Amino acid sequence: MLGTIASIIDGVLIGSVYGLAAMGLTLIWGVMGVVNLTHGAAIVAGMFALYLLTSALSVPAYAALPVILIGGFLVGVGLYWIAVHRLIGRPPLMILLSTFAVNLVVIGLGTAVWGTGLFNIPVTLPGVTWHRYTFPGTHILAAALTAVIAGAMYVFLYHTRLGKAVRAVANNREAAELAGIPTTRVLSLSFGLGVALAGAAGMLISTMFPFTVLAGDAYQLKSFVVTALGGLGNPAGALVGGVALGLVEGFAAQYMPVSWTLVIEFVLFVFVLILFPRGIFAFRRT
Amino acid sequence: MKDTTPSATAGVRHQPLYRRPFFWIIALVTAAFAGAPLIGNNVELREGLLLAAVYIILASNLNIMLGYAGYINFGSIVFFGLGGYICVYLVGSLNWPLAAAELVAGLVVSLLAFLFGLGILRLRGAFFALATIGINEGVQAFVANFEPWGGSAGLYLPTTIFAPFGGPMQALWIVYFLVVAVMGASLYLSYAVKASKFGLGLIAIGQNEDAAIVLGVPAPLYKAFAYSLSAFLPALAGGLYFFKSAFIQPPDAFDLGLSTEAMVIVMLGGRGTVTGAAVGAYLYEELRGYLLTSETFSNFQLVVAGVLLLLIVLFVPGGLMGWIYGRWPRMKTVLE
């Protein structure tokens with residue numbers, strides 16, 4: 001019983017980080033109706049950015065977070081202008097293909113540089129002990145930082161003028177354009193934010209688990225599952241969906257080998273998409 | 001025929017397939033594939049052409065979904081891998097003859113694809129694409145954990161398996177001819193679909209799904225059929241391919257790189273054209289051969305594929321055939 005509660009709590013901690021990653025995916029979807037298939041690559045880029053910053057420049061692990069957020073944002077804006085902007089208004093198929101192509105390039109370069117071996121970032125933080133169970137400090141801090149970033153996103157979207165513009169473009173791009181909002185700039189900004197969130201999530205995941213260059217696909221799938229649970233285009237739903245996925249993982253880990261996790265997640269994904277196409281935790285769209 | 005007024009073209013359209021030049025072009029290409037390595041018993045050429053044929057099979061079946069219906073299937077390799085697994089398992093563990101194993105593999109994979117398609121093809125556009133990524137990950141993880149299929153260690157065939165064909169040397173040739181036959185069948189299939197009412201419905205879905213539904217196209221059913229149809233021949237090819245290599249493992253069977261390359265091929269040749277899938281496969285195979293032998297690029301094969309795909313999508317969305325049609329519109333009536 002205690003074990004179940006402990007794994008539920010740990011599931012919530014880890015799941016919130018999945019929620020952060022999915023928030024990046026869902027923001028881009030909500031604003032421009034584009035599925036960003038560079039998402040997995042952005043997560044992996046966040047992991048390796050932390051690896052480089054800590055090992056080569058010996059930056060303290062969590063001090064790298066702002067660097068990764070800003071770097072991710074700039075890369076995201078650049079990606080928008082390279083791979084997405086020309087294709088806005090063309091069939092959605094085209095943006096799927098172009099972001100997929102960028103993903104191939106990034107992962108291919110990563111594989112050429114780092115190979116496909118396992119990487120690990122040694123972060124030592126005191127954990128919290130409760131009965132026989134210890135919750136790693138990295139998990140707790142990751143969840144706390146996720147809460148801070150999500151809170152900042154909320155303030156940005158609902159209490160700033162620019163955030164209002166983002167929501168307006170998500171609601172109706174033509175009307176926003178007519179109201180004088182520079183929609184193209186808002187689109188590139190949203191893409192940048194989405195990539196920054198994915199990078200930050202990747203960075204936090206890399207403090208918790210070992211990773212490879214190819215880890216992006218699995219985490220991208222997790223983000224899809226989370227967005228399916230939370231409703232595509234819904235940042236708040238993404239966080240709830242992430243926690244839900246963390247719970248499922250925590251439970252599943254008790255009853256079957258970890259290697260089955262992906263199968264379960266995928267089955268969940270398809271069932272949710274078919275049965276609840278608007279998401280289980282779909283609140284009103286932003 | 002003096003001019004190509006719409007009615008004249010419509011007349012061509014209603015000819016039976018075998019009266020049209022394109023039918024014979026496919027036959028010629030297939031015959032050339034089968035015959036070329038026979039000259040001087042050229043095994044090296046045969047292996048190269050085998051790979052090209054596999055590319056053509058994957059690309060032209062992917063084209064049914066991607067080119068006609070406008071639906072991306074990121075996991076088309078699942079059909080190939082599952083077909084391979086079923087075939088190797090039936091031949092190796094249950095001692096079935098190859099032909100029966102192939103047939104069952106094709107039918108089972110198509111049936112699974114149909115059932116699955118009925119489920120996920122209610123999803124539109126991007127949602128469907130996401131589900132297909134999940135399918136590949138999910139199936140691969142399932143197979144890697146499935147003990148009767150050897151889990152992550154995979155399945156091996158004993159060398160005695162080639163005995164009924166008169167030894168390994170003979171068997172490799174027979175498998176090659178069978179793969180070429182599957183390639184010919186793939187080209188005919190995508191041609192026949194394109195020329196049919198069913199294909200017209202798919203193309204309508206690709207252009208505007210809502211309008212197509214309003215005009216009476218049963219979109220979910222058509223999409224599920226297309227998905228299932230595009231599974232059959234790749235499953236056969238997978239069975240033959242892994243029968244030939246005599247062993248199968250999850251990373252080889254579900255190599256996402258191969259379905260990626262199939263997508264690059266379809267876009268390179270021209271989405272929605274039968275010729276494009278074949279010419280694109282040939283061009284890509286040449287490029288790949290060059291990349292693999294070049295010092296600088298051998299590690300960057302997928303990077304180059306990615307850059308190529310990005311450039312095509314951004315600047316030449318019609319691919320090679322789109323460019324040719326734009327230049328010489330009359331080619332549309334000859335090369336489908």
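## A valine inside chain A

Let's start with Val44(A), which sits in helix H2 (residues 39–55) of chain A. Keep in mind as you look around that this is a predicted model.

Is Val44(A) buried or exposed? Count the C-beta neighbours inside 10 Å and you get 29, so Val44(A) counts as buried; the cut-off for that label is 20 or more. Leaving aside its neighbours within four places in sequence, Val44(A) is in contact with Gly110(A), Gly202(A), Val213(A), Ala215(A) and Gly216(A). Val267(A) is another story: it lies 223 residues from Val44(A) in sequence and 24 Å from it in space, C-alpha to C-alpha.

## Helix H9 of chain A

Next up is helix H9 of chain A, covering residues 215–230. This helix has 16 residues and reaches 23 Å from its first C-alpha to its last, close to the 22 Å expected at 1.5 Å a residue.

H9(A) is largely enclosed by the rest of the structure, because 14 of its 16 residues are buried.

Now find helix H5 (residues 137–159) and helix H6 (residues 161–171), both of chain A. They pack at an angle of about 80°, with their axes 5 Å apart. That angle makes H5(A) roughly perpendicular to H6(A), because anything from 65 to 115 degrees gets that label.

Which residues make the contact? On the H5(A) side they are Phe156(A), Leu157(A), Tyr158(A) and His159(A), while H6(A) brings Gly163(A), Val166(A) and Arg167(A). Sort these contact residues by type and you get four nonpolar, two polar and one charged.

## Where the chains meet

The contact between the chains takes 30 residues from chain A and 34 from chain B. On the chain B side, four helices each supply at least two residues: H5 (98–120), H6 (125–145), H12 (256–269) and H14 (301–315).

Which helix gives the largest share of the side of chain B that touches chain A? That would be H6(B), with 14 residues. As for type, this side of chain B divides into 23 nonpolar, nine polar and two charged residues.

## A proline in chain B

Last stop: Pro21(B), found in helix H2 (residues 21–35) of chain B. Pro21(B) has 11 C-beta neighbours inside 10 Å, so it counts as exposed; the cut-off here is 12 or fewer.

Pro21(B) and Leu335(B) are 314 residues apart in sequence, yet 8.5 Å apart in space, C-alpha to C-alpha.

Conventions
Residues are numbered from 1 along each chain as its sequence is written. Chains are lettered from A and ligands numbered from 1 in the order in which they are written. This is a predicted model: local features need pLDDT of at least 70, side-chain atom pairs count only at pLDDT 80 or more; totals for chains, interfaces and linings use all residues. Axes are lines fitted to C-alpha atoms, for helices over the stretch in contact, and angles run from 0 to 180 degrees between N-to-C directions. Angles under 35 degrees count as roughly parallel, over 145 as roughly antiparallel, 65 to 115 as roughly perpendicular and the rest as oblique. Two residues are in contact if their C-beta atoms, placed from the backbone, lie within 7 Å. Ala, Val, Leu, Ile, Met, Phe, Trp, Tyr, Cys and Pro count as nonpolar, Asp, Glu, Lys and Arg as charged, and the others, Gly among them, as polar. The expected span of a helix is 1.5 Å times one less than its number of residues.
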